[in-house]
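Please look over the sequence and the fold before reading on.

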Amino acid sequence: MKKRVVLPPYIFWLVTFVLVPMSLVVYFAFTDKNGNFSLSNLNDVFLYSNVFLRSIWLGFIATSFCFLIGYPTAYIISRVNIKCRKFLIAMIMLPMWTNFLLKTYAWMTILEERGFVSCFFQFLGIGKFSLINTSSAVVFGMVYNFITYMILPIYSVLIRNDRHLVEAAQDLGANQLKIFLKVTFPLSLPGVIAGIAMVFVPSVSTFVLSKMLGGGKDLLIGDIIDMQFLGSVYNPCLGSAISLVLMILVFICSGIMNQFVKREERTVIAL
Amino acid sequence: MIFSFNSSKSRILWTGFTFEWYKSLFEDKEILKSLNNTLFVAFTASIFATIIGTIAAAGILKLNKYYQKVILSVTRLPLINPEIVNGISLMLLFVFIHKKTGFFEQGIFTLILSHITFCLPYVVLSVIPKLRQLTPNIYEAALDLGCTPFSAFLKVVLREIMPGVVTGGIMAFTVSIDDFVVSYFTGGAVQTLSISIYSMSKRSISPKINALSTLLFLSTLILLIIINFRESKENIKKKELI
């Protein structure tokens, strides 16, 4: 009886503010400036294919770094005692609670030409070393901003794992490396996949980072979309087309990830 | 952060200790106004999102499996979508409606609407697990004892799922405060804190930003400590009860 009263407002909300806007993106992607159906916008998207490739490439590098740093961190945190663990998790969450722009701004200072990092390298005698306005700075910003999203899912999976499985493997004569490769790592895969998805999607679609850290030289997809809507070249149709492609890319990614996780779960259950 | 106390404008050289930037921060009307806007939007959006989301979560669980799946995946859409796509799709909607009807001019109202939209999934997804844990008999018992469905929900169910509701609300609040991308596209001329930081960092380097970040950092740190403290207190209470 209750559901009749309770749900319609929410469904209405979802339709107006989630589904309708998304279909508007699709609609604008397929129309030209006069409102006629056209495919030219989607054609134009290919002009930006190098931007797409660059974004995906930078996102890929950032995700790999996040994984390489994040997995050992999550692993170590899941091993220490509870008090230590709580403290470490709080330390990792802390940057998440500060505004993302402020963090990036702080890094601008540190990476800049006369900043901390370059002074440090000068001190070591390597010479002047400026990171700001390069793509490495952008990747660095991505890694720094999104690594929490890699550590937390992996940590939460690792912590839930059954310790007895590791002990069983030890009893059966596996060494530490083998235990890790054959027991711990496969069991933590769902967390790894969730982490990868949570880092990759925002890295690919980010748009302030490249402006602030990259000096606006290497444009990313986000910057192009921003330019089409609020920037100098006002062309919402093309902007929508680019966003549509981005949206589809992300959906394909998350679809593959989902498939993968489900299969993992199934094999775990089957075992 | 340390440099917020530095008296020179440089971010590298340390010339002396001063509170001057804090003073000028509090005299900067633009920043104060945007802080005001941010807090107002975050409060309204998170409260509305909490109310709508909680009720919706209760409704969703009453549906059969198929519809549950459909609605939940639509709920998750704003989380899966890149933020920038959320932002521009909402902007297109508001511009479109504005062109057709003249309502929904971009401003604080559209900002709140879009913030509610991307806060909702957090609330719904943190309330639903709590509702699943609930024994369905409690609600029925309350009905048998003569409650109307509404008061039964309010007095019995809501009390049980409160932790989930509060977590969802806090999450919505922090997400809303922290948001830049969506506000950037849907806020029109209204400045939130993130947007004014963005434009400040574009224009020139002012130590006011350092002062501001110190203050924000300290306030979130205090908030976190309070939350942790309350949690450990509750744990102690629970242990005593047992």
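## Model and confidence

This is a predicted model, in which local features need pLDDT of at least 70, side-chain atom pairs count only at pLDDT 80 or more, and totals for chains, interfaces and linings use all residues. Residues are numbered from 1 along each chain as its sequence is written, while chains are lettered from A and ligands numbered from 1 in the order in which they are written.

The predictor's confidence in each residue is its pLDDT, from 0 to 100. Chain A has a mean pLDDT of 78, with 82% of its residues at 70 or more. Where pLDDT is low, predicted coordinates should not be read in detail. Helices (H or I, at least four residues) and strands (E, at least two) are DSSP runs, numbered from the N terminus.

Contact here means C-beta atoms, placed from the backbone, within 7 Å. By that rule, 43 residues of chain A meet 43 residues of chain B. On the chain A side, H1(A) gives the largest share, 16 residues. By class, that side has 31 nonpolar, nine polar and three charged residues. Ala, Val, Leu, Ile, Met, Phe, Trp, Tyr, Cys and Pro count as nonpolar; Asp, Glu, Lys and Arg count as charged; the others, Gly among them, count as polar.

## H11(A) against H4(B)

H11(A) and helix H4 (residues 83–101) of chain B pack at about 15°, with axes 11 Å apart. Axes are lines fitted to C-alpha atoms over the stretch in contact, and angles run from 0 to 180 degrees between N-to-C directions. H11(A) is therefore roughly parallel to H4(B) (under 35 degrees).

Gly222(A), Ile225(A) and Phe229(A) of H11(A) meet Ile84(B), Ile88(B) and Met91(B) of H4(B). Five of these residues are nonpolar, one is polar and none is charged.

## Chain B and Met171(B)

Chain B has 10 helices and zero strands. Of its 242 residues, 38% count as buried (20 or more other C-beta atoms within 10 Å, with C-beta atoms placed from the backbone).

Met171(B) lies in helix H7 (residues 149–178) of chain B. Met171(B) has 19 other C-beta atoms within 10 Å, so it is partly exposed (between the buried cut-off and the exposed one of 12 or fewer). Leaving out residues up to four places away in sequence, Met171(B) touches Tyr122(B) and Ser126(B). The C-alpha atoms of Met171(B) and Cys119(B) are 8.0 Å apart, across 52 residues of chain.

Methods. Two residues are in contact if their C-beta atoms, placed from the backbone, lie within 7 Å. Angles under 35 degrees count as roughly parallel, over 145 as roughly antiparallel, 65 to 115 as roughly perpendicular and the rest as oblique.
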